[in-house]
Amino acid sequence: MTKVLIATVKPFAKAAVDQIKTTLDKAGYETEFFEKYAAQDDLIEAVADADAMIVRSDKITAEVIGAAKKLKIVVRAGAGFDNVNLEAASANDVVVMNTPGQNSNAVAELALGMMVFQARNHFNGTSGSELKGKKLGIQAYGNVGRLVANIAKGFGMEIYAYDPFVARETMEAEIVNVCETVDELYSVSDYLSLHIPANDKTRKSINYDLLSKMKDGSVLVNTARKEVIDEDGLMKIMEEKTNFKYVSDIAPDNRLALEEKFDGRVFFTPKKMGAQTAEANINAGIAAAKQIIAYLEKGVATFKVN
Ligand code: 3PG
């Protein structure tokens, strides 16, 4: 019997778990939910007899892939696949897919929620400000960036975006001001929302030089990846621009130092929360299950990333 291991340190909502199981049951597959595991070694043990895996940000290293002798496919239920060692997967004939767009709305809503939270001084009872009329810069106009733009329009924000991979006409048709350079985006924004993936080109790309283009008083919102931030550069900017703020769904490694020094100007969720809604879990989880079935039964490889 084909076995699908759903390995999630951060479990899906109960409703999603039930629906993923039903989807795989109907295909005649065996499912095992391996949730909240304590150590990477436990994962390495659990993958031994899996034919397929559904994961979230779980670290699918070369060691994990090497230990999964029957593995044919890994689906990352979500967008970013920087947690999966693609080279090791390809070398072992394991297909890797993501489920783009399935959890985007949850992340987009959180990005706007974080902006409101910062604009209202972390709900501390003091007089804050409004999003209406402010300039929102969106770095990367993909599934999440686009939804952020749409929600922000409802707040009356003025939208700017930079994405060299999206046609100008597409953005202009959606009433988005197109920035020619990333510097231009950073210079114009009162709020800057990051929606870039973590890869060799983007790691530490949000550095001192780029952040120095931002206005003092502006807010950087990161619901993407902590790896894209150059933390030393961020620290320096926070020191120099005494009203610059940083809110993120992915706590940086220097979280404690930032919190200690810049009370009220930084905020980090205790755990990555962007995709933690029942709706996002159901959408991404079921899409992942269906993609596994389509691949194993018919060789359909849409959303293959390796
Ligand atoms: C993604 O890449 O899809 C999001 O960052 C969500 O990640 P998560 O599944 O670990 O919450």
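Start at T202, which at 11% relative accessibility counts as buried (under 20% relative accessible area; over 50% is exposed and anything in between partly exposed, with a 1.4 Å probe and protein chains only). The model is predicted, so local features need pLDDT of at least 70 and side-chain atom pairs count only at pLDDT 80 or more, while totals for chains, interfaces and linings use all residues. Residues are numbered from 1 along each chain as its sequence is written, and side-chain values use heavy atoms, with hydrogens and water left out.

**The loop around T202**

T202 sits in the loop between β9 (191-194) and α9. Helices (H or I, at least four residues) and strands (E, at least two) are DSSP runs, numbered from the N terminus. Show what surrounds T202: apart from neighbours within four places in sequence, T202 is in contact with I196, P197 and V228, contact being heavy atoms within 4.5 Å.

**T223**

Next select T223, in the loop between β10 (219-222) and α10 (231-240). Is T223 buried or exposed? At 7% relative accessibility, T223 is buried. With neighbours within four places in sequence set aside, its contacts are V107, L110, A111, M114, L194, H195, D249 and I250. Pick the C-alpha atoms of T223 and L192 to see a separation of 11 Å in space, against 31 residues in sequence.

**Helix α10**

Move on to α10 and colour its buried residues: E231, G233, L234, M235, I237 and M238. What do they pack against? The buried residues of α10 pack against α9 (208-211), β11, α11 (255-261) and β12.

**The seven-stranded sheet**

Now display the open sheet of seven strands, ordered β8-β7-β6-β9-β10-β11-β12, with parallel pairing. At its edges are β8 (177-178) and β12 (266-268), each of which pairs on one side only. Two strands count as paired if DSSP finds at least two bridges between them. Zoom in on β11 (residues 245-248), which pairs with β12 in the parallel sense over three bridges. Select S248 and look across to β12, where its bridge partner is F268.

Go to β3 (residues 52-55), a strand covered on both faces. A52 and I54 are buried on one side, M53 and V55 on the other. In a regular strand the side chains alternate between the two faces of the sheet. I54 has V75 in β4 as its bridge partner.

**The ligand**

Finish at the ligand. Which residues surround the ligand? Select K10, R56, S57, R76, G78, A79, G80, N103, R225, K272 and A275, where a residue is near if one of its heavy atoms lies within 4 Å. This shell divides into two nonpolar, four polar and five charged residues (Ala, Val, Leu, Ile, Met, Phe, Trp, Tyr, Cys and Pro count as nonpolar, Asp, Glu, Lys and Arg as charged, and the others, Gly among them, as polar).

- An oxygen atom of the ligand lies 2.6 Å from a polar backbone atom of A79.
- An oxygen atom of the ligand lies 3.0 Å from an N or O atom in the side chain of R76.
- An oxygen atom of the ligand lies 2.9 Å from an N or O atom in the side chain of N103.

Taken alone, the ligand exposes 320 Å², of which the protein buries 95%; accessible areas come from the Shrake-Rupley method with a 1.4 Å probe.

How values were computed: Polar contact = N/O pair within 3.5 Å; in protein donor to acceptor, adjacent residues only side chain to side chain.
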